[in-house]
Amino acid sequence: MAEADGRPAGGRNFAALLLDLRIQSTLSQEELAERAGLSVRTIRELEAGRVARPRKDSVRLLAKALGLDDEQAFLAAAGHGVARPVVAVAAPEPRGVRWRGTRPIPDGLVGREQELVEIEGLLREHRLVTLVGPGGVGKTELALAAADRFSGADTTVVVVDLTTVQRDSAVSSAILDAFGTAPGTTDLDDLLAGRPPGGLVIVEDNAEHVLDGVAVLANRMVRSFPGIGVLVTSRIPLGLPDEVVRRVPVLAVPTNDKDLAEIAASPAVEMFCRRAARVRPDFALTADNATTVARLCQRLDGLPLALELAAARAGALSVEAILTALDDRFRLLSGPRRFGAPHQRTLADTIAWSVDALSDPARQLLYRVSMLGSPFTLDAVIGVCTGSPIDELDIHMLLSELVENSLLQPVEEFEQLYGTRYKMLETIREHASAGLGSQDDDVNEFRDRAVTWCSTYADSLEGAWSSPDRDRRYRAANANAATFEVALERAAELGDWDVAATIVLGFRIAWQYQASVAESGIRWASDCAENVDDKETRGKLRAIAGRLSNLTGDVRAARTHYGEARTLIPPQSDMGLMARAGWVSSGSLLLDTSSLAEIPGVVADARNHPNVQRSATVQATCGLALARWGRLPEAKELLLAWEAALADPGVYPDDIAYMALSRVDAELGNLAEARRWAELARESQALDDPDRTKVAGCLAMIDYQAGEYERAQVLIDEAEADIRGHRGYFDYQVMVFRSRLARRAGDIEQACSAVRDAVGRLILEGRVVYLLDVLPEAVAVLRASGASEDADRLCGHLLAWQQTMDPPMLPTAWAVLQEVCGGVPLSDGWPASDPAEAVRRLADDVLLALS
């Protein structure tokens, strides 16, 4: 430094000095760049003398990296100690150049239109937007597309790839490099000043590892330069007061792997098919492969990177082979992606990039929560996952760290009902599970903790049915369904069936709050019933399996389970009454006359039962069975007994019972009363009820009968939108009234489709009695479609049924049949010895005629 000749600094003089000092320090250009937080290109350009005047902050970073004592002398050598004219180093952007850096891939986004519109609006209003999400969720492509959508003819977009930037202090240099300036020639402020509003958008991509550097600069840019918008992608928010954060979700996957229309509408499926077609041009979604593609997308969580990597295998593997190979997804999805950031070229690298950045306790917590299932609750984390190095007092902070790093996602839906919940993508869960297995901790230690915790939890639910806060307690339990699954699997693995049965018995009501997990309850109740010795316990478990089977629409299985349960449990006990009422209800759906004979005894025992809630529920269940059987006055009497019991604080409103009252009054012609009951059903229906179609369909039926066709149409449209992908109590009504409205409007094709759907569902699920509501509508549709011969044949059979069989058709269905069946003679062969089989045969004929 003492040999600096004092001539005007910069250029070759500083270049030679820098080169000498670097060599004396035995550093390579790469090593000096890393120490200083600058790019290798900057070092190379400075030593070559191609920089007229190095930036002051760059010179200071170099002085520190070289360990120089006299920073001021080094600055002077670079030209910062002598007065000099300001050098304009940033050439004006060429006319027409409005994009610098990586451009969005054509056709790169699927299913992101809503996000694009939102981000464009946020940039215009707030100017600093951070897109946050797990690795591989598509933040980069979304940011690039949003910037492109935002920009106009006079807007410059500068894309800064921060992947290779190693230090916070080097972010400024990376931005300048992205502008295309000669390294070290100017301060960033020179490029940002004077921009008109909306004239410049800077996209800072992959910011999570240099978050402080990005945050400092982003804060200065948006506060000091009002013409600039900054769009950041990161797995962690910047934490700035001016920042607007948007989490980028995975692509929606189909909830139903059987419905071709729903599968085709899924963005995840669309993306997979587009990418697969690039390596296999003849690839397309078909009825034959749709189920497999849907399951593949579900297994991959709709994660775009995983879908892309899986689709790349379609050139060599069938979709079935790809799905099977997902048992070792990280090996399958290891390539062949050769573009993008290095840490995003394989699925394993993408996840590891985030996991490696965690603090050690947060990483250990991630590993441990991976065995809780998904979603899981805060209570489960505290109960199962604490212990060195994880202190219970730190759980909230550690969970926040995992959320901020996009490794966990809060479940915000119904948070007020279910409490704090988190979910983990299956891809992340597998990575974390492997991490847990590689630790010194025994994985089974935490699974055993889950058994203990769930057993204690199930015991705490004893008596919840009669408690004032039963809904809250059961919903909280339901929120832990995935963890209960883990505990039951471990108990079964150990052969501890008594413990498993205790958990199932305690958890039984919680399964009823969500039909999507009820099938798990059926399986565990059945497995436990086969493996426990106590007779009454077996009966209780069978009753639970029956109740859950009924909820999922498998009436035949419900009948079997209830039938066995009622032989094992004392008939006047709480669970005994439940089993008997369930057997009556399922029997009425299957047109089994033996069910009717048991109703008086069940009702008498219910009225003498000390639990008012159980008494009322059993009477309502029997009332609904009588309504199906056409015994409307008797049904209403039992349902009104349930309604009267609501005066007791231990009895709770039930939307199904209210709807049954509404249906009975509608059939009796009391439309005002029917509407009142339906509105009460709407008020009592849970916000998280997946079968929201029930009330809308019920109200639509009332409006139709009242001649309010437009209002009925709105309600039917609302109800039908919810039907897809699940089975419900009264969805067939939605389809019947869809048909009636379509017939009235002259849309016979839609009417045919609605009747086919209704008949097909009822046959599949075994709800035979409701076919008597649908078949008269089928006659009307067949006649309207010109199939008069088929219509007359079916009409003759139904007229014979009405005269000779029990139960009779309900008044609304009978009115439709009378309207369209004038002069048709009765068919022979009635009465039939097997009523259910006779109705199913008629339903099969309808499907054939309408096909």
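Serine 588 lies in helix α30, residues 574-589. With a relative accessibility of 1%, serine 588 counts as buried, because the cut-off for buried is under 20%. Its contacts beyond four places in sequence are Ser595, Ala625, Arg628, Trp629 and Val769. The model is predicted.

**Six-stranded sheet**

- An open sheet of six strands runs in the order β1-β3-β4-β5-β2-β6. The pairing is parallel.
- The edges are β1 (99-100) and β6 (244-247). Each has a single partner strand, so one side of each lacks a neighbour in the sheet.
- β2 and β6 run parallel and are joined by four bridges.
- Threonine 130 has valine 245 in β6 as its bridge partner.

**Three-stranded sheet**

- A second open sheet has three strands, ordered β7-β9-β8. Here the pairing is antiparallel.
- β7 (376-377) and β8 (409-410) are the edge strands. Each pairs with a single strand, so one side of each is left without a neighbour in the sheet.
- Two bridges pair β7 with β9 (residues 421-423) in the antiparallel sense.
- Arginine 421 in β9 is the bridge partner of threonine 377.

**Backbone geometry in loops**

- Aspartate 806 and proline 807 are joined by a cis peptide bond, with omega about 10°. Proline 807 sits in the loop between α41 (788-804) and α42 (811-820).
- Another cis peptide bond joins tryptophan 830 and proline 831, with omega about 0°. The loop between α42 and α43 (835-850) holds proline 831.
- Arginine 127 is not a glycine, yet its phi is positive, at about 75°. Arginine 127 belongs to the loop between α6 (113-125) and β2 (128-132).
- Serine 406, also a residue other than glycine, has a positive phi near 60°. Serine 406 is in the loop between α20 (395-404) and β8. At 3% relative accessibility, this serine 406 counts as buried.

**Aromatic pairs**

- The structure contains 13 aromatic pairs.
- One of them joins phenylalanine 272 and phenylalanine 283, with ring centres 5.9 Å apart. Their planes meet at 80°, so the pair is edge-to-face.
- Phenylalanine 272 is in helix α12 (residues 267-279), and phenylalanine 283 is in the loop between α12 and α13 (290-299). The two are 11 residues apart.
- Phenylalanine 272 is buried at 0% relative accessibility. Phenylalanine 283 is also buried, with a relative accessible area of 7%.
- Tryptophan 642 and tyrosine 658 have ring centres 5.0 Å apart and planes at 80°, so this pair is edge-to-face.
- Tryptophan 642 is in helix α33 (residues 632-645), while tyrosine 658 is in helix α34 (residues 655-667). The pair therefore ties together parts that are 16 residues apart in sequence.
- Tryptophan 642 and tyrosine 658 are both buried.
- Trp453, Tyr457, Phe484, Phe507 and Trp511 are linked into a cluster by ring pairs.

**Arginines over rings**

- Arginine 559 lies over the face of tryptophan 583, at 3.8 Å from the ring centre.
- Arginine 744 lies over the face of tyrosine 709, at 3.6 Å from the ring centre.

Technical notes. Residues are numbered from 1 along each chain as its sequence is written. This is a predicted model: local features need pLDDT of at least 70, side-chain atom pairs count only at pLDDT 80 or more; totals for chains, interfaces and linings use all residues. Side-chain values use heavy atoms; hydrogens and water are left out. Two strands pair if DSSP finds at least two bridges between them. Buried means under 20% relative accessible area, exposed over 50%, partly exposed in between (1.4 Å probe, protein chains only). Contact means heavy atoms within 4.5 Å. Rings of Phe, Tyr and Trp (its six-membered ring) pair if their centres lie within 6.5 Å; planes under 30 degrees apart count as stacked, over 60 as edge-to-face and the rest as tilted. A charge sits over a ring if NZ of Lys or CZ of Arg is within 6 Å of the ring centre and within 35 degrees of the ring normal.
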